[in-house]
Amino acid sequence: MSSDKITPAAILAMKSRGEKIAALTAYDFPMARMLDEAGVPLLLVGDSVGMVVLGYPDTTHVTMAEMEHHVRAAARANTRALLGADLPYHSYETAAEAVANSQRLIAAGASYVKAEGGREILPQVQAILAAGIPFCGHLGMLPQHVLEEGGYKIKGRQEAEHQKLLDDARALATAGAFAIVLELVTPPVAQEITQAIPVPTIGIGSGSDCDGQILVTHDLVGMFPWFTPKFVKPSVHCGAEIKTAVLNWKTLLGAKS
Ligand code: KIV
């Protein structure tokens, strides 16, 4: 494995080689460093930080200042992996706002930004790319719209939704996105999009035929034991391990409750 920093072009090239792309979230220095040492090429300071670290009920509460704080922490790990960040809810309403907030995340240490939506945010995506900032798309279930949508619903079942996803993916790819996250998209539609566009699709709860997979690391390692999405099978249960370690230590101390 070369020690060169991973670039958006390197992620794109993985698709042409048929190499599966592993992607995970990292919100701080130790996690970014551990995932980098494990050779994960693509990292995201996701706005899921709001739910699994900051205790919000959904991602709509996350602010730019909170994202910058976590991007700075993760970026201090100086990873070989390509580390990017989510533009939080309402931070990319206009093209000018999208560029200004993307520049803030880049200044904090991100190497790319991600935003949720298809052709409805195309002017913002084009402006971000025109400012020289690598962009990752996010289609399917859009967590920043969970309140309007009334839940985390699977996308692509209806023909109109299927066609919209395909057209949005083509539009983002044509605009120059280097990858597109597909969240909770029906596996056949995710597979069709993957075959239809030249840029990698990174699935989450969208079946195994995407070019890569992304998970919230806390879900993968059981660090948020109160909720685990159906499509994640944690192979360690860090939350339970922490509780056991603390209980053992208390027993050794002779400490009561
Ligand atoms: O916020 C996030 O962590 C994400 C991914 C899991 C795709 O958007």
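In this predicted model, the side chains of Asp-168 and Arg-119 meet in a salt bridge, with 2.6 Å from N to O. The two residues belong to distant parts of the chain, 49 residues apart, since Asp-168 lies in helix α8 (residues 159-175) and Arg-119 in the loop between β4 and α6 (122-130). Asp-168, at 3% relative accessibility, counts as buried, whereas Arg-119, at 39%, counts as partly exposed.

A second pairing joins the side chains of Asp-86 and Lys-114, again as a salt bridge, at 2.8 Å from N to O. Here too distant parts of the chain are linked, with Asp-86 in strand β3 (residues 82-86) and Lys-114 in strand β4 (residues 112-114), 28 residues apart. Asp-86 has 2% relative accessibility and therefore counts as buried, the cut-off being under 20%, and Lys-114, at 3%, is likewise counted as buried.

Lys-155 forms a salt bridge with Glu-149, and the closest N and O atoms of this pair are 2.8 Å apart. Lys-155 counts as buried at 12% relative accessibility, while Glu-149, at 27%, counts as partly exposed. Beyond individual pairs, salt bridges that share partners join Arg-119, Glu-120, Lys-164 and Asp-168 into one network.

In total, the structure holds 9 salt bridges, among them the pairs Asp-168 with Arg-119, Asp-86 with Lys-114 and Lys-155 with Glu-149. In general terms, side chains of opposite charge can pair when their charged atoms come close.

Terms used. Residues numbered from 1 in each chain as written. Predicted model: local features only at pLDDT ≥ 70, side-chain atom pairs only at ≥ 80, totals over all residues. Heavy atoms only, no water. Salt bridge = Lys/Arg side-chain N within 4 Å of Asp/Glu carboxyl O. Helix = DSSP H or I, 4+ residues; strand = E, 2+ residues; numbered from the N terminus. Buried < 20%, exposed > 50% of the residue type's maximum accessible area, 1.4 Å probe, protein only.
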